[in-house]
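The points below are grouped by topic.

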Amino acid sequence: MKIGILGGGQLGRMMALAGYPLGLRFRFLDPSPDAPAGQLGEHICASYEDAEALSRFADGIDVATYEFENVPTASAAAIRARVPLYPPPEALATAQDRLIQKNWFKTLDIATAPFADADNRRDLERAVADVGLPAIIKTRRFGYDGKGQFVLRSWHELDAAWKAVGGLSAPDGKLPLIVEGFVSFQRELSIIAARGKDGATVFYPLAENHHRGGILRLTLAPAPDSDALQGEAERMASRVFDALHYTGVLTIELFQHEGKLLANEMATRVHNSGHWSIEGAVTSQFENHIRAVCGLPLGSGALKAGGGAGVTAMVNLIGDTPEPHQALAHAGLHLHLYGKSGKAPGRKLGHMTLTEADLPALKVRLKALAALPGVELPGVATA
Ligand SMILES: Nc1ncnc2c1ncn2[C@@H]1O[C@H](COP(=O)(O)OP(=O)(O)OP(=O)(O)O)[C@@H](O)[C@H]1O
Ligand SMILES: [Mg+2]
């Protein structure tokens with residue numbers, strides 16, 4: 001069986017790494033000549049809008065999927081006309097626009113921060129008045145790693161905010177924005193779930209996520225003290241699954257706020273906060289995604305360590321990476337390098353995972369990793 005993946009970044013690369021043991025073959029479409037997945041599969045180097053390239057991509061593959069959600073919906077439709085494409089293109093359209101997504105969450109009774117939309121500078125003022133201060137202003141489309149966002153704490157900053165999100169260079173002074181109430185959350189969590197073609201579902205334990213500078217730095221899985229929240233998170237994912245007749249892996253980023261869960265955003269794909277599952281779970285998010293799109297039975301998402309005990313940390317390598325001998329000198333550590341060349345500020349170049357029997361033991365181990373290049377551990381791991 002041959003799988004076509006739209007996008008050839010590290011997520012596509014790790015999907016292929018999970019699929020090769022199952023005897024599967026892979027083809028990638030990615031405009032970047034040095035796409036990380038290109039090192040381990042056939043790489044069509046072309047734009048996602050290139051009709052001829054899309055046709056070559058679809059030629060001879062059995063099923064298609066994607067590893068990032070900004071695949072143009074028209075391109076997704078063109079692929080789907082040729083081969084099955086999972087998750088469904090309807091999921092893509094919902095995932096691509098923060099406003100459409102939040103409105104849609106509402107219809108599914110999934111709680112979010114208060115929000116309002118804005119299309120120009122005057123709207124922005126009205127939207128901020130609607131949700132109140134502090135607020136966070138985001139471009140509706142194409143944001144990632146906190147890009148295109150501004151946290152507004154006072155009315156004086158409105159001009160600065162409009163400028164920061166790109167308002168000054170917007171054609172006709174129009175820019176599609178969403179303004180959200182700023183949630184003073186207790187912590188950030190995510191639920192990753194997989195749904196097979198037969199409707200069978202697998203849920204991973206909630207993960208606790210720590211960001212710095214808008215970029216995920218550290219994930220702990222399972223999230224400490226999250227048992228009471230797991231059911232609520234699974235219900236949210238199930239509603240999305242049912243509404244979209246979903247096949248594949250889905251991620252919902254969550255805020256824990258006043259003991260409840262609010263959905264921040266969803267990703268209709270495998271997710272950075274699920275990388276821990278490669279070593280930490282019985283079946284990784286990548287393998288389950290591949291199994292789902294191929295119509296194979298899903299594997300358990302339960303923890304691998306000690307029959308359900310233990311906690312795994314996933315540490316992102318951002319902008320720089322340790323030498324392998326340096327990282328692997330830490331007993332039990334697993335290193336993943338994505339095959340991107342050189343240093344690159346703010347870019348995800350790899351990650352490391354480490355499992356320990358309990359959180360205190362894990363924190364001791366994490367402290368020892370804090371000095372490695374590319375590692376920045378927020379308070380939780382260094383205090
Ligand atoms: N309404 C909010 N209240 C408080 N913090 C927020 C809010 N929205 C976003 N944030 C913070 O900003 C981070 C990035 O926001 P969001 O997930 O919407 O954007 P993104 O650029 O798509 O991020 P990523 O690519 O890392 O998932 C969140 O993980 C959270 O820390
Ligand atoms: Mg996010």
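Predicted model: local features only at pLDDT ≥ 70, side-chain atom pairs only at ≥ 80, totals over all residues.

A polar contact is a pair of N or O atoms within 3.5 Å; within protein, one must be able to donate a hydrogen and the other to accept it, and residues adjacent in sequence count only if both atoms are side-chain atoms. Residues are numbered from 1 along each chain as its sequence is written, chains are lettered from A and ligands numbered from 1 in the order in which they are written, and side-chain values use heavy atoms, with hydrogens and water left out.

**Ligand 1**

- A polar side-chain atom of glutamate 265 lies 2.7 Å from an oxygen atom of ligand 1.
- The protein covers 90% of the 610 Å² of accessible area that ligand 1 has on its own (Shrake-Rupley method, 1.4 Å probe; for residues, only the protein chains shown count as cover).
- Two or more residues of the shell come from each of strands E6 (135–139), E8 (177–181), E13 and E14; strands are DSSP runs of E, at least two residues long, and helices are runs of H or I, at least four, numbered from the N terminus.
- Ligand 1 is surrounded by 20 residues, and the closest are Lys138, Asp145, Gly146, Glu188 and Glu265 (near means that a heavy atom lies within 4 Å).

- Glutamate 253 belongs to strand E13 (residues 248–257) and glutamate 265 to strand E14 (residues 260–267), 12 residues apart.
- Glutamate 253 is buried at 17% relative accessible area, whereas glutamate 265 is partly exposed at 23% (buried is under 20%, exposed over 50%, partly exposed in between; 1.4 Å probe, protein chains only).

**Overall fold**

- The protein has 13 helices and 17 strands.
- Of its 383 residues, 55% count as buried.
- The C-alpha trace spans about 55 × 55 × 40 Å along its principal axes.

**Leucine 254**

- Leucine 254, in strand E13, is buried at 0% relative accessibility.
- Leucine 254 and methionine 236 are 18 residues apart in sequence and 10 Å apart in space, C-alpha to C-alpha.
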